Amino acid sequence: MAALGPPARTLRGLLRELRSMDAAKGRAYRDTAAYRYLVKVFRAHRVTSEKLCRAQHELHFQAATYLCLLRSVRQHVALHQEFHGKGERSVEEAADLVGLTLPQQPGGKGWEP
């Protein structure tokens, strides 16, 4: 299992994803039930003086997994919007999409020596 990092970083990442989701809708992320729930649960599962706090580690792992899901969905939507098919493309548009340029003919289109 990979290292999770500090729980505060995971919480900040989750809140950043909530902020980006709610910014698209035009409302404040702090007014959502998801924000209140996340803050309440993270405060309830703070590190205690116990040697092994299984509930805190489980919460952190679930939060990190959910953060990975939110980031992946956001990146998928961005890629889908950028590369979604718009029907038939011209050769020039297809070349621009993958970062290529077409060679130019010296006399213009249809020029014959």
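Let me start with a term: a polar contact is a pair of N or O atoms within 3.5 Å, where, within protein, one atom must be able to donate a hydrogen and the other to accept it, and residues adjacent in sequence count only if both atoms are side-chain atoms. The structure here is a predicted model, in which local features need pLDDT of at least 70, side-chain atom pairs count only at pLDDT 80 or more, and totals for chains, interfaces and linings use all residues. Residues are numbered from 1 along each chain as its sequence is written, and side-chain values use heavy atoms, with hydrogens and water left out.

First, the overall picture. The protein chain has four helices and zero strands; helices (H or I, at least four residues) and strands (E, at least two) are DSSP runs, numbered from the N terminus. Of its 113 residues, 21% count as buried, meaning under 20% relative accessible area, while exposed is over 50% and partly exposed is in between (1.4 Å probe, protein chains only).

Now contacts, which means heavy atoms within 4.5 Å. Taking those between residues at least 6 apart in sequence, 51% join residues at least 24 apart.

Next, the pair α1 and α2. Their axes are 11 Å apart and the packing angle is about 175 degrees. Axes here are lines fitted to C-alpha atoms, for helices over the stretch in contact, and angles run from 0 to 180 degrees between N-to-C directions. The two helices are therefore roughly antiparallel, a label for angles over 145 degrees; under 35 is roughly parallel, 65 to 115 roughly perpendicular, and the rest oblique. From α1, Pro7, Leu11, Leu14, Leu15 and Leu18 meet Ala34, Tyr35, Leu38 and Phe42 of α2. By class, that contact has nine nonpolar, no polar and no charged residues. Nonpolar covers Ala, Val, Leu, Ile, Met, Phe, Trp, Tyr, Cys and Pro; charged covers Asp, Glu, Lys and Arg; the others, Gly among them, are polar.

Between these helices is a loop, running from α1 (7-25) to α2 (33-44), and Thr32 lies in it. Thr32 counts as buried because its relative accessibility is 9%. A polar atom of the Thr32 side chain lies 2.8 Å from the backbone oxygen of Tyr29. The backbone nitrogen of Tyr35 is 3.3 Å from a polar atom of that side chain. Beyond neighbours within four places in sequence, Thr32 is in contact with Asp22 and Arg27.

Two more residues. Thr10, in helix α1, is buried, with a relative accessible area of 5%. Leaving out residues up to four places away in sequence, Thr10 touches Leu4, His60, Ala63, Ala64 and Leu67.

Leu59 sits in helix α3 (residues 54-83) and counts as buried at 16% relative accessibility. With residues up to four places away set aside, Leu59 touches Val41, Phe42 and His45. The C-alpha atoms of Leu59 and Val41 are separated by 8.4 Å, and the two residues are 18 apart along the chain.
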